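Open the model in your viewer and keep the selection panel at hand. The tour goes stop by stop.

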Amino acid sequence: MTRVRPHLLVSADRDLPRVGRRAVLAAGLGAAALGVAACSDSSSATSVQPRNLEGRVADDELPVDPSPPPVTGGPPLITGSFESARMGGRETRWAVARPNGVTGKLPVVLVLHALNTNEKTIFGPKLEMQTVLQQYVDAGNPPFALAAADVGRNYYHRRLDGADGSAMILDEFLPMLASNPDLNLSTERFGLFGWSMGGYGALRLASLVGAPRVAAVAVSSPALWADPRNFPPRAFDGLEDYRANSLFGAQPSFAKIPVLINIGSSDQFYTYTRQWAAGLRPPAAFGTAAGGHTNRYWRSVLPEQVEFLGRNLAV
């Protein structure tokens with residue numbers, strides 16, 4: 001287990017940290033909901049119908065970020081686009097950051113963005129992951145690159161319109177990264193990072209690809225819904241889509257993948273995330289501290305996530 005400071009680090013199968021009476025009560029209610037879903041067999045589950053409770057469920061809608069301010073900190077971005085068949089022929093933008101002062105082929109961490117953000121958001125002034133990476137490399141640690149592609153509001157799985165963000169990343173974006181001589185990246189093994197919607201996406205891609213190709217996955221506040229009756233339509237196209245793409249039940253796929261999960265104790269996804277992490281064997285590194293579903297919290301944990309990814313990529 002990685003050591004995360006100053007955030008509280010707990011194993012997924014230990015007691016919850018002390019986060020206050022209200023959070024504990026919320027956790028108990030969430031656990032009860034999960035127990036109902038977990039105890040249902042496949043035949044009884046067919047009678048469960050999702051309810052249109054989008055305004056009442058855990059919410060990952062962020063302020064729309066169509067065009068972040070120019071990136072000024074850290075290494076410069078290399079940007080481009082390609083026409084993606086996996087995204088229905090849509091022109092798909094991408095951005096890559098290589099740390100300054102480094103030459104040669106580098107391993108890469110794929111960055112999966114949150115809802116209402118895009119491929120440049122992680123590099124903008126509110127998060128500046130490339131600056132955190134540069135500081136990590138300048139301290140003498142093994143270098144790697146960051147690469148992000150824009151999936152819009154797809155949620156990293158095939159949707160009714162035929163678009164599939166995860167397939168785009170695996171079948172189009174990764175090969176493009178490997179074949180572009182100007183980027184000089186190695187994709188034989190790669191890391192995954194994501195926050196909110198992208199946190200779910202990073203975990204889903206890790207479960208699809210598996211070890212040893214996925215060297216590690218680090219996520220912040222993953223958008224996870226444990227109750228098949230209680231998810232927003234923007235995330236899944238109905239109950240069958242939820243069953244096919246929910247990560248609850250997919251925990252065995254992570255048995256050989258190092259996982260770091262960071263989430264604020266007041267985040268709306270805290271209970272669901274704890275429930276999901278409890279099924280991981282071995283346990284994930286789980287970091288929590290006061291904070292919510294905000295850029296301020298996500299920026300605060302980026303240094304430990306970059307260190308975790310870099311350490312595992314270098315193995």
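Which residue lies over the face of F286, and at what distance from the ring centre? Select R274: it lies over that face at 4.7 Å from the ring centre. A charge counts as over a ring if NZ of Lys or CZ of Arg is within 6 Å of the ring centre and within 35 degrees of the ring normal.

Some ground rules. This is a predicted model: local features need pLDDT of at least 70, side-chain atom pairs count only at pLDDT 80 or more, and totals for chains, interfaces and linings use all residues. Residues are numbered from 1 along each chain as its sequence is written, and side-chain values use heavy atoms, with hydrogens and water left out.

**Whole chain**

Switch to cartoon. The chain has 8 helices and 9 strands; these are DSSP runs numbered from the N terminus, helices being H or I of at least four residues and strands E of at least two. Of the 315 residues, 57% are buried. Buried means under 20% relative accessible area, exposed over 50%, and partly exposed in between, with a 1.4 Å probe and protein chains only.

**Aromatic pairs**

Show the rings. There are 10 aromatic pairs. Rings of Phe, Tyr and Trp (its six-membered ring) pair if their centres lie within 6.5 Å; planes under 30 degrees apart are stacked, over 60 edge-to-face, the rest tilted.

Select F254 and W276. Their ring centres are 5.3 Å apart and their planes stand at 90°, so this pair is edge-to-face. F254 sits in the loop between α6 (239-245) and β8 (259-264), and W276 in helix α7 (residues 270-277), so the pair ties together parts 22 residues apart in sequence. F254 is buried at 2% relative accessibility, and W276 is buried at 0%.

Next, select Y200, F231, F236 and Y242. Ring pairs link them into a cluster.

**Salt bridges**

The structure holds 12 salt bridges, each a side-chain nitrogen of Lys or Arg within 4 Å of a carboxyl oxygen of Asp or Glu.

Select E61 and R153. Their side chains meet at 2.9 Å, N to O. E61 is partly exposed at 32%; R153 is partly exposed at 40%.

R234 is buried, at 10%.

Move to D150 and R90, another salt bridge at 3.9 Å. D150 is in the loop between β5 and α4, R90 in strand β3 (residues 90-97).
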